Amino acid sequence: MKTLMDVQTLQERMTSGQHTVVLDVRWSLGDPHGREHYVEAHVPGAVYVDLESELAAKPSPGEGRHPLPELDALQESARQWGISNGDVVVVYDDCGNLSAARLWWLLRHGGITDVYLLDGGLTAWKAAGYEAEGGEEQHCLGNVTLTAGSMPIAGIDAVPAIARDGVLLDARAAERYHGEVEPIDAKAGHIPGAVSAPTSENLTTHQTFRSAAELRHRFESLGLTDTADVAVYCGSGITAAHEVAALEVAGFNAALYPGSWSQWSSRADLPVETLTSSAIPTGRA
């Protein structure tokens with residue numbers, strides 16, 4: 001199953017009249033203006049998707065900052081975006097697919113097999129000389145039916161065993177993993193036993209994914225094997241989906257821990273590890 005589509009292939013599909021649903025997930029922490037960026041310029045025909053309201057349920061200490069949306073709500077959104085059963089779907093953003101991967105993962109989890117990340121996103125599209133357009137797109141409603149369960153999930157109770165017996169990857173920046181800084185969540189540090197694997201290292205300087213061989217070498221150097229039980233977390237389950245995609249490109253299957261650090265760090269009874277500390281429940285320290 002392919003994960004990525006390059007901009008040349010998407011352009012050829014569009015010019016040859018092959019039906020393709022293109023979705024724009026312009027979002028990043030600290031920038032609430034995704035729709036405005038989309039209206040200014042996007043891949044022709046792309047429909048805007050709001051990550052905060054459509055790709056996540058309401059935040060809570062018990063579930064984290066970006067819980068997975070309910071299946072019925074996601075299905076309704078997918079129909080509003082114009083997706084019907086059997087459609088080819090391509091998703092992108094303008095930051096190396098760090099946000100668009102959330103939508104890719106959700107649609108895969110919902111049973112859509114022909115969903116791809118546009119490698120390099122809007123940046124690669126423009127760099128190839130293809131035109132972008134502004135405004136809002138008009139589109140027909142879809143009739144897609146989603147069925148959850150096609151992608152593996154690791155719940156909070158399963159995470160310690162994966163960290164102990166398999167490989168638990170922390171996709172956040174290294175300084176957050178080490179506990180040097182924590183700008184968002186309740187505590188600094190990482191889940192005991194987790195391995196630092198920043199999502200940014202999945203990408204080239206052009207914001208495209210590194211080659212399958214390069215990614216496989218990267219993950220093997222972090223302890224992965226074809227038989228290892230692997231899960232990924234980040235701050236709130238967004239960029240961890242990008243790492244799941246990179247692992248798939250490299251030939252590995254990995255579970256997503258949706259609650260991620262925002263859920264784990266909110267629990268006073270759960271242990272936290274930093275670069276210099278032992279793993280102790282910080283609520284008792």
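Planes under 30 degrees apart count as stacked, planes over 60 as edge-to-face, and the rest as tilted. Keep in mind that what you have on the screen is a predicted model.

So, how many aromatic pairs does the structure hold? There are three. Take Tyr-38 and Tyr-48: their ring centres are 5.4 Å apart and the planes sit at 40°, which makes this pair tilted. Tyr-38 belongs to helix H2 and Tyr-48 to strand E3, so the pair ties together parts that are ten residues apart in sequence.

You'll find His-42 in the loop between helix H2, residues 34-40, and strand E3, residues 47-48. Is His-42 buried or exposed? Buried: its relative accessibility is 0%. And what do its polar atoms do in there? One of them, in the side chain, lies 2.7 Å from the backbone oxygen of Tyr-38. The side chain of His-42 also makes a polar contact of 2.8 Å with the side chain of Glu-137. If you skip the neighbours within four places in sequence, the residues touching His-42 include Asp-24, Arg-26, Tyr-92, Leu-122 and Glu-133.

In soluble globular proteins, nonpolar side chains tend to be buried together. Here the largest nonpolar core has 51 residues, and Leu-23, Trp-81 and Ile-83 are the ones that touch the most other members. Apart from that core lies another, of 17 residues, with Leu-168, Ala-255, Tyr-257 and Trp-261 among them. Back to Trp-81: leaving out residues up to four places away in sequence, it touches, among others, Val-21, Leu-23, Leu-55, Leu-103 and His-139.

Let's go to helix H1, residues 7-15. Which residues of H1 are buried? They are Val-7, Leu-10 and Arg-13. Why do we say they share a side? Because they cover an arc of only 120° around the axis, which puts them on the same side of H1. Over on the other side, Glu-12 and Thr-15 are exposed. The buried residues pack against several elements, including strand E2 (20-24), strand E4 (88-92) and helix H6 (121-127). Have a look at the ends of the helix, too. At the start of H1, a side-chain oxygen of Asp-6 comes within 3.2 Å of the backbone nitrogen of Gln-8. Just after H1, Gly-17 has a positive phi of about 85°.

That brings me to phi in general. Most residues other than glycine have a negative phi. Asn-97 is not a glycine, and yet its phi is positive, near 70°. Asn-97 sits in the loop between E4 and helix H5, residues 100-109, and counts as buried with 0% relative accessibility. Ser-260 also has a positive phi, near 50°. Ser-260, though, is found in helix H11, residues 260-264, and is buried at a relative accessible area of 0%.

Last topic: cysteines. A disulfide is a covalent bond between the sulfur atoms of two cysteines. How many disulfides are there in this model? The count is zero. Cys-234 is buried, with a relative accessible area of 2%. Cys-140, on the other hand, is exposed at 65% relative accessibility. You'll find Cys-140 in the loop between H6 and helix H7, residues 159-165. The C-alpha atom of Cys-140 is 8.8 Å from that of Arg-79, although these two residues are 61 apart along the chain.

Notes
Residues are numbered from 1 along each chain as its sequence is written. This is a predicted model: local features need pLDDT of at least 70, side-chain atom pairs count only at pLDDT 80 or more; totals for chains, interfaces and linings use all residues. Side-chain values use heavy atoms; hydrogens and water are left out. A nonpolar core is a set of buried Ala, Val, Leu, Ile, Met, Phe, Trp, Tyr and Cys residues joined through side-chain atoms within 4.5 Å. Buried means under 20% relative accessible area, exposed over 50%, partly exposed in between (1.4 Å probe, protein chains only). Contact means heavy atoms within 4.5 Å. A disulfide is a pair of cysteine sulfur atoms within 2.5 Å. Helices (H or I, at least four residues) and strands (E, at least two) are DSSP runs, numbered from the N terminus. A polar contact is a pair of N or O atoms within 3.5 Å; within protein, one must be able to donate a hydrogen and the other to accept it, and residues adjacent in sequence count only if both atoms are side-chain atoms. The arc is that of the directions from the helix axis to the C-beta atoms. Rings of Phe, Tyr and Trp (its six-membered ring) pair if their centres lie within 6.5 Å; planes under 30 degrees apart count as stacked, over 60 as edge-to-face and the rest as tilted.
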